[in-house]
Amino acid sequence: MPHDHGEHEALVIEDEAGNIEAQIIVDALQGVLINKGLLTAREVTAAIAKLESPGLHLGSKIVAKAWTDPAYRARLLSDGRAAVQELNIPVTEARIIVVENTASVHNLITCTLCSCYPRSILGQPPSWYISKAYRARSVREPRRVLAEFGLDLPEDVQLVVHDSNADMRYLVLPEPPAGVEYLAPSEMEKMISRDHLIGVARAVK
Amino acid sequence: MTRFSSGDTVQVMALGKTGHVRIPHYIRHQIGRIVDYCGTYLNPEDLAVGNTSGRAVDLYRVAFSQARLWPNEPVPQQDMLVIEIYDHWLTHVEETTDAP
């Protein structure tokens, strides 16, 4: 399983054979639209830059708030979208479902059909999330996938895989680390990674 | 009034539809349990062909036993998969041990 933590993760545009038919069609269409004056090259470039801008990770702010404010945590679990919006994060998804890890439950998020992902909160998904290998194996053999990410989930911890196949988008609320009450929210935020919110990582430390 | 409630045992149908359907093959024919009602959404099978005036359909989150989904894999009994299924792909079934 490729697992690249780099800042710039390429989006998958070709199929396994390296074919780029879709790219050729898109280039031709773009040429036509620009020639007709319906679009400018500058607009296209700006839209791509926005799509590919890395580092958007507002999830840690949400998690730190939930760890320090029990009433907020309750609101987050009952209506994720409204609770995320409370933090002035503009949510474009219809509904955000927050699933909570506990000592006996671990949650993992996937989209077996394409690349559904809470983009307004986490930005673009990493390339491995879009890969056919992750999409197939995260449901068929999720414990092996987690092991490849360095997470050996004990047998007695229940694993719940969420297939984000339709209209919902998901975030995992990780368990707080020991001594969380002594940490400032800014310190917590540094410890919480994108991988914790997808569920391919578990312990926050 | 929705057709299903949380806790109901349901089976995912194999409707044999072509085109843009959001119900993956691995979950068709499988028996699970309703865990959450998500509200109504425009049917992606309509939206994919540009029909934005179709009837909104109920969407549910349904839980399945991983050990039942993947009988050839070594899966702990308590592991689950939860997936979103539109109302028209679901049918009621009798209570069974197949559902988690």
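In strand β3 (residues 56-65) of chain B, B:Val57 is the bridge partner of B:Tyr41. Strands, like helices, are DSSP runs numbered from the N terminus, a strand being E with at least two residues and a helix H or I with at least four. Two strands pair if DSSP finds at least two bridges between them. This is a predicted model, in which local features need pLDDT of at least 70, side-chain atom pairs count only at pLDDT 80 or more, and totals for chains, interfaces and linings use all residues. Residues are numbered from 1 along each chain as its sequence is written, while chains are lettered from A and ligands numbered from 1 in the order in which they are written.

**Strands of chain B**

- Strand β2 (residues 31-42) of chain B runs antiparallel to strand β1 (residues 9-12) of chain B, and three bridges join them.
- B:Val10 has B:Gly32 in β2(B) as its bridge partner.
- β2(B) is also joined to β3(B) by eight bridges, again antiparallel.
- B:Arg61 in β3(B) stands opposite B:Asp36, and the bridge partner of B:Arg61 in β4(B) is B:Glu84.
- Seven bridges link β3(B) with strand β4 (residues 80-86) of chain B in the antiparallel sense.

**Helix of chain A**

- Helix α1 (residues 21-35) of chain A has 15 residues and should span 21 Å at 1.5 Å a residue, which agrees with its end C-alpha atoms being 21 Å apart.
- The expected span is 1.5 Å times one less than the number of residues.
- The number of buried residues in α1(A) is zero, so the helix lies largely in the open.
- A residue is buried if 20 or more other C-beta atoms, placed from the backbone, lie within 10 Å of its own, exposed if 12 or fewer, and partly exposed in between.
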